[in-house]
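Please keep the sequence and the three-dimensional view at hand while reading.

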Amino acid sequence: MTNQVIQTMGAHRSIRKFTNQDVSTEQVEMLTDTARWAPSSHHVQAYSIIVIRNQEKKETLKTLTGGQQWVADCPVFLVICADYHRIGEATKRHEQSLEIGGAEQLLVGAVDAALVAQNLLTAAESIGLGGVMIGGIRNNPVEVASLLKLPKATFPVMGLCLGYPDQDIAQKPRLPKQASVFTEQYDVEVVDQALTEYNDTMHTYYGSRQTNAKQQTWSEQMANYMGKPNRPHMNEFLRRQGFLTDL
């Protein structure tokens with residue numbers, strides 16, 4: 001049982017090198033129009049998409065995202081934001097306050113943005129484009145917000161590089177299904193063995209890939225990454241933007 005959509009989704013790879021072929025305005029409009037049909041909790045639609053082609057701005061964003069060259073090199077860079085600014089304007093019309101200080105509305109905005117971003121990437125891959133999500137857009141959120149003139153009640157969730165692929169790379173193996181898909185209830189008993197198997201798989205993958213080869217297992221990678229706070233500055237930035245104020 002398969003079709004073109006399933007095959008496209010199952011063939012995903014993160015592309016960081018692009019040809020000089022442009023991505024047309026019509027293509028970007030089609031992709032954003034398609035992406036906006038993503039599900040949204042309570043029809044809130046708490047996201048915005050900022051399309052960036054200006055080379056100087058992409059160079060600035062390359063620096064702000066940690067020197068990721070593909071941000072500058074891609075034909076078009078998208079910034080997907082959680083956005084309650086519109087909703088705030090809507091509530092003013094009915095003399096209601098905008099209550100976004102709790103965890104729930106933060107989650108709704110992030111989920112809405114992520115669903116739209118995934119729709120964008122899947123649609124792009126279906127027409128022969130490639131791309132990579134850029135979490136580094138949150139490295140310097142104050143500067144990104146200033147550059148993109150983001151109002152309060154918004155924040156950047158991720159960036160997305162898009163273009164025609166100029167590389168053919170192997171897929172990065174995913175966790176064994178038994179460690180992430182359960183029937184009826186969570187099964188902690190299968191996780192340990194699945195992680196052992198996955199460590200072997202990822203050690204082989206990392207050691208054999210053509211670029212950035214390394215000797216590392218997945219659990220080592222996660223221990224290094226999750227063993228310290230990540231982007232703690234986001235707490236203060238989110239409060240500045242009106243989020244997390246109730247916590």
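**Aromatic rings**

The structure, which is a predicted model, holds 5 aromatic pairs. The rings of Tyr 205 and Tyr 206 have centres 5.4 Å apart and planes at 55°, so this pair is tilted. A pair of aromatic rings is described by the distance of the centres and the angle of the planes.

- Tyr 205 and Tyr 206 are both buried.
- A single aromatic cluster is formed by Tyr 84, Phe 155 and Phe 243.

**Overall build**

- The chain contains 10 helices and 4 strands.
- Read from the N terminus, the order of these elements is α-α-β-α-α-β-α-α-β-α-β-α-α-α.
- The chain has a radius of gyration of 20 Å, which agrees with the value near 18 Å that a compact globule of 247 residues would have.
- Along the principal axes, the C-alpha atoms of the chain fill a box of roughly 60 × 45 × 40 Å.
- Among contacts between residues at least 6 apart in sequence, 80% join residues at least 24 apart.

**Surface, interior and charge**

- Of the 247 residues in the chain, 37% are buried.
- The chain exposes about 14500 Å², and carbon and sulfur atoms supply 52% of this area.
- There are 23 positive and 26 negative side chains in the chain.
- The centres of the positive set and the negative set lie 6 Å apart.

- His 43 lies in the loop between α2 (25–35) and β1 (47–52).
- Is His 43 buried or exposed? His 43 is exposed, because its relative accessible area is 63% and the cut-off for exposed is over 50%.
- Glu 95 is a residue other than glycine whose phi is likewise positive, near 55°.
- The loop between α5 (85–92) and α6 (103–126) contains Glu 95.
- With a relative accessibility of 76%, Glu 95 counts as exposed.

**Ile 15, a buried loop residue**

- Ile 15 is located in the loop between α1 (4–10) and α2.
- The relative accessible area of Ile 15 is 6%, so Ile 15 is buried; the cut-off for buried is under 20%.
- Which residues does Ile 15 touch, not counting residues up to four places away in sequence? They are Gly 130, Gly 131, Val 132, Pro 165, Gln 167 and Ile 169.

**Thr 32, a buried helix residue**

- Thr 32 belongs to helix α2.
- Thr 32 counts as buried, because its relative accessibility is 15%.
- With neighbours within four places in sequence left aside, Thr 32 is in contact with Ile 49 and Leu 120.

Methods: Residues numbered from 1 in each chain as written. Predicted model: local features only at pLDDT ≥ 70, side-chain atom pairs only at ≥ 80, totals over all residues. Heavy atoms only, no water. Helix = DSSP H or I, 4+ residues; strand = E, 2+ residues; numbered from the N terminus. Rg over C-alpha atoms; globule rule 2.2 N^0.38 Å. Buried < 20%, exposed > 50% of the residue type's maximum accessible area, 1.4 Å probe, protein only. Contact = heavy atoms within 4.5 Å. Areas by Shrake-Rupley, 256 points an atom, 1.4 Å probe, with all protein chains shown as cover. Lys, Arg positive; Asp, Glu negative; His and termini not counted. Charge placed at Lys NZ, Arg CZ, Asp CG, Glu CD. Phe/Tyr/Trp six-rings, centres within 6.5 Å; stacked < 30°, edge-to-face > 60°.
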